[in-house]
Amino acid sequence: MKKTLLAAGLLGACALAPAHAAFNPADTSVQMFRWKWNDIAKECVNWLGPQGFGAVQVSPPQASASLGAWWDVYQPVNFASLKSNMGTEAEFQSMISACHTAKVRVYADVVVNHLAAGSGTATDGSTWNSSTLAYPFFSSSDFHPACDIAGGDYGSPGNRYNVMFCRLSGLPDLKTDGAYVQGQVQTYLTKLINMGVDGVRFDAAKHMQPSDLQAIMGGVTHTTKAGEALWITQEVIPDSNVVRSDYYSVGTLNEFQYTFALKAMFRNENGASLSQVRAIMGTPGNWGGTWGFVPSEKATVFVNNWDTERNGSSLVASNYVSGTTNDTQGTKRYDLANIFMLAWPYGSAQLHSGFRFTNYDQAPPSASPFDASGNPLINQQWDFIHRWGDISNMVAFRAATSGQGVDYFTNGTANQIAFGRGAKGFVAINNEYAAWNASLQTLLPAGTYCNVVHGQLNAAGTGCTSDSVTVGGNGVISVSIPANGGATVPAVALHINQKVGGGGGTCTTVPVTFRVANANTVVGQNVYVVGNRAELGNWTPGASDQLNIEGSGANVPWSRTFQLPPSTAIQYKFMKYGVSTVWESNQSTASGNREATTPACGGSVTLDAGSFQF
């Protein structure tokens with residue numbers, strides 16, 4: 001009964017979804033590696049949406065081998081089935097609906113270069129055998145001839161043919177240049193897009209010919225259900241032979257050079273330092289630098305992903321394997337690198353949230369990321385990096401400074417840098433084991449700003465929850481940034497939407513979350529909030545004001561975050577709509593409605609009604 005009610009509620013939400021959702025800005029996404037679909041749905045509603053994340057990238061959703069290791073999701077068995085170790089197809093659909101309601105796009109990691117090695121029973125109960133090349137919907141004629149990629153194939157002179165046509169780590173290589181295989185992949189991608197997936201990441205893209213990917217995408221719509229352009233990125237790790245520009249016509253690339261450069265600069269490897277960033281990467285309008293970065297509009301960037309945090313090629317936060325360096329222990333390098341990424345105007349930025357591990361192959365935790373009350377268990381088994389305050393607050397910084405260049409770049413020592421983002425923002429980072437006291441030029445309007453690395457505006461917008469910085473009439477600030485190595489993250493980040501007293505001219509909305517429980521819904525009935533504003537339907541229920549169910553059952557909570565004008569009085573009620581219409585009874589207010597005032601710029605509020613008022 002509970003399962004039926006959940007499906008009905010969420011299918012109702014999907015059916016009523018608007019043709020084009022009002023998503024958060026697409027500046028920042030987060031890779032939530034090996035998170036289950038139900039947990040991602042909850043996190044979209046409770047954190048990612050209200051915090052302004054534009055998208056969440058999820059692990060490969062197809063049925064795969066189940067081998068008790070983190071990498072088994074990269075061994076597909078059945079593209080036609082979406083029953084995985086992260087959840088069922090229904091749960092995947094529900095997650096998409098929940099995230100869309102929270103204004104968060106969903107990107108799916110897809111693995112179509114190869115299928116699983118060995119033999120066994122997959123997560124959906126289907127069987128496979130790589131010796132006989134027997135898989136659901138595929139047989140021996142659908143694979144390239146057996147040969148293995150050798151390490152030397154990536155070098156100079158190397159062998160590009162082997163990289164594209166032989167087996168990666170012994171995994172049977174699909175004939176992606178064949179019409180039948182391309183058709184099966186197109187069917188899989190079309191299914192995901194029809195379910196509402198907003199983008200895809202092609203795993204192991206460099207192991208396929210660019211022409212194969214072009215042909216596959218030539219048979220797939222490039223417009224999402226929400227009416228946006230489909231987001232496409234590709235894993236093309238640089239080597240001595242691959243020509244990365246060959247893949248530009250398909251989509252953006254995972255820019256691993258960025259990941260490698262951050263590690264070198266923040267760890268001071270081979271003489272690299274932060275002060276060299278403009279030479280290494282280039283600058284706005286002239287990207288590339290000495291490391292040969294791809295154009296900014298072709299790059300998806302990240303401090304680390306699930307591979308790099310295990311293979312030693314990036315800064316890491318969750319790797320506790322004996323003998324490896326952890327960039328959160330005795331240092332704030334990892335935090336600083338993420339702050340830099342979200343402040344620096346290159347590429348499409350992705351955070352990474354996964355789980356802590358003490359051996360390379362370790363599978364994700366079986367325990368939920370949340371306790372019995374739904375509270376996040378941060379930095380326990382799951383790392384929740386997207387909730388670390390100094391990093392999460394930078395999502396709004398990146399959105400506020402979008403489109404701005406780099407101004408007044410300066411450095412103290414080689415490991416201390418500062419730069420502006422037009423009249424919208426300014427950041428200073430101290431990766432030195434000594435304090436940095438400096439006067440720095442900005443283009444920010446005069447006033448007092450909250451340092452979002454440590455806090456934000458209070459609810460009234462009259463002060464900061466932590467330290468602040470005053471910008472003089474000449475745009476100069478004086479900062480005293482502690483040394484790296486202590487408890488404080490040694491950075492300053494200011495942006496126009498975190499100016500005490502407002503005055504930035506850009507704050508037109510604030511996040512307001514409505515929540516109610518114990519509505520006693522029946523199958524086919526959904527809960528809405530309606531009120532005296534257009535954002536709340538002007539007292540008429542519709543797709544724009546339906547709430548999102550937070551579980552299964554007749555009396556579980558329903559919630560949703562809306563962007564409403566700041567410091568504005570509102571009236572609202574909850575109602576059930578579907579099989580039958582039930583309005584809440586009158587409240588003990590002059591209007592008979594629920595009443596509230598939205599917070600000032602920089603604030604947010606959750607209007608938790610408790611129980612539905614019958």
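Is C99 buried or exposed at 0% relative accessibility? C99 counts as buried, where buried means under 20% relative accessible area, exposed over 50% and partly exposed in between, with a 1.4 Å probe and protein chains only. The model shown is predicted, so local features need pLDDT of at least 70 and side-chain atom pairs count only at pLDDT 80 or more, while totals for chains, interfaces and linings use all residues. Residues are numbered from 1 along each chain as its sequence is written, and side-chain values use heavy atoms, with hydrogens and water left out.

**View 1. The disulfide of C44 and C99.** A search of the whole structure finds 3 disulfides, a disulfide being a pair of cysteine sulfur atoms within 2.5 Å. One of them joins C44 to C99, with an S to S distance of 2.1 Å. The torsion about this S-S bond is about 85°, so the disulfide is right-handed. C44 lies in helix 2 (residues 37–51) and C99 in helix 3 (residues 89–101), so the pair ties together parts that are 55 residues apart in sequence. Helices (H or I, at least four residues) and strands (E, at least two) are DSSP runs, numbered from the N terminus. C44, like C99, is buried: C44 has 0% relative accessibility, and C99 has 0%.

**View 2. Helix 2 against helix 3.** The axes of helix 2 and helix 3 come within 8 Å and cross at roughly 10°. That makes helix 2 roughly parallel to helix 3. Axes are lines fitted to C-alpha atoms, for helices over the stretch in contact, and angles run from 0 to 180 degrees between N-to-C directions. Angles under 35 degrees count as roughly parallel, over 145 as roughly antiparallel, 65 to 115 as roughly perpendicular and the rest as oblique. Helix 2 contributes W37, N38, I40, A41, C44 and V45 to the contact (heavy atoms within 4.5 Å), and helix 3 contributes E91, F92, M95, A98 and C99. These residues divide into 9 nonpolar, 1 polar and 1 charged. Ala, Val, Leu, Ile, Met, Phe, Trp, Tyr, Cys and Pro count as nonpolar, Asp, Glu, Lys and Arg as charged, and the others, Gly among them, as polar.

**View 3. The disulfide of C147 and C166.** The sulfur atoms of C147 and C166 are joined at an S to S distance of 1.9 Å. With -95° about the S-S bond, this link is left-handed. C147 lies in the loop between strand 7 (127–129) and helix 4 (160–165), and C166 in the loop between helix 4 and helix 5 (179–194), so the pair ties together parts that are 19 residues apart in sequence. C147 is partly exposed at 29% relative accessible area, whereas C166 is buried at 2%.

**View 4. The disulfide of C450 and C464.** C450 and C464 form a disulfide with their sulfur atoms 2.1 Å apart. The link is left-handed, with -90° about the S-S bond. C450 is buried, at 0% relative accessible area, and C464 is partly exposed, at 22%.

**View 5. Helix 7 against helix 10.** Helix 7 (residues 256–267) and helix 10 (residues 333–343) pack at an angle of about 130°, with their axes 11 Å apart. The two helices are therefore oblique to each other. Y258, L262, F266 and R267 of helix 7 meet R333, L336, A337, F340 and M341 of helix 10. The residues of this contact divide into 7 nonpolar, no polar and 2 charged.
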